Amino acid sequence: MELLHPRVESIYRDHHAWLQAWLLRRLYNRSDAEDLAHDTFERLFTRQDVTAVREPRAMLTTIAKGIVVNFLRRGALEATYYELLMQLPQDYALSPEEQALVLEDLVEVDRRLSGLPSLVRQAFLLAQLDGMRQAEIAAELNLSRATVQRYIAQGLHACCFEWTEA
């Protein structure tokens, strides 16, 4: 069994209950708060030089806020996805396995697009989801057509070619 650095144990012991309570006040669900507290400490301990952390609560809060945003975003995406699935005719019903795979793909696309500037994301989605032509998007967003082309290319690149770790 690998022993943890004393600083790691100290941060966990001294701040775990506080972080869970902080998360519970935001999520109103003990199970989710416990899971996200675990994720927060895992991220802290795997991505930071823990011995150099001077303000553990500030660091934990910063990490936890990002995790909460992602958690809530995924929950909203899942709810919308399942709502749309319920509207599909029975002939188009997906198996539970297919539903899970599609949801994971949607979450990944959302994650990739969320890293883009707002106008880039908007131009890309208007082209892909609304089927708008580049000239229409340019007029809608008050951009040049060349800029719209560049933005759509950036969106495609982010969705298709940027394989980064989540």
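1. Ile-67 sits in helix α3; helices here are DSSP runs of H or I with at least four residues, numbered from the N terminus. Ile-67 is buried, with a relative accessible area of 7%, where buried means under 20%, exposed over 50% and partly exposed in between, for a 1.4 Å probe and protein chains only.

2. A word on the source: this is a predicted model, in which local features need pLDDT of at least 70 and side-chain atom pairs count only at pLDDT 80 or more, while totals for chains, interfaces and linings use all residues. Residues are numbered from 1 along each chain as its sequence is written, and side-chain values use heavy atoms, with hydrogens and water left out.

3. Which residues does Ile-67 contact, leaving aside its neighbours within four places in sequence? They are Leu-36, Asp-39, Thr-40 and Arg-43, with contact taken as heavy atoms within 4.5 Å. Ala-37 is 30 residues from Ile-67 in sequence, and their C-alpha atoms are 9.2 Å apart in space.

4. Thr-40 belongs to helix α2 (residues 30-47) and is buried at 0% relative accessibility. Not counting residues up to four places away in sequence, Thr-40 touches Leu-19, Leu-60, Ile-63, Ala-64 and Ile-67.

5. Now to the helix packing. Helix α1 (residues 6-27) packs against helix α3 (residues 56-87) at about 45 degrees, with the axes 10 Å apart; axes are lines fitted to C-alpha atoms over the stretch in contact, and angles run from 0 to 180 degrees between N-to-C directions. That angle makes α1 oblique to α3, since angles under 35 degrees count as roughly parallel, over 145 as roughly antiparallel, 65 to 115 as roughly perpendicular and the rest as oblique.

6. The contact between α1 and α3 includes Trp-18, Leu-19 and Trp-22 from α1, and Leu-60, Ala-64 and Phe-71 from α3. By class it has 12 nonpolar, 2 polar and 4 charged residues; Ala, Val, Leu, Ile, Met, Phe, Trp, Tyr, Cys and Pro count as nonpolar, Asp, Glu, Lys and Arg as charged, and the others, Gly among them, as polar.

7. Finally, the aromatic rings. Rings of Phe, Tyr and Trp (its six-membered ring) pair if their centres lie within 6.5 Å; planes under 30 degrees apart are stacked, over 60 edge-to-face and the rest tilted. By this rule there are 3 aromatic pairs. Tyr-81 and Tyr-82 have ring centres 5.2 Å apart and planes at 55 degrees, so this pair is tilted. Tyr-81 is buried at 8%, whereas Tyr-82 is partly exposed at 34%. Tyr-12, Phe-41 and Phe-45 form one aromatic cluster.

Technical notes:
Helices (H or I, at least four residues) and strands (E, at least two) are DSSP runs, numbered from the N terminus.
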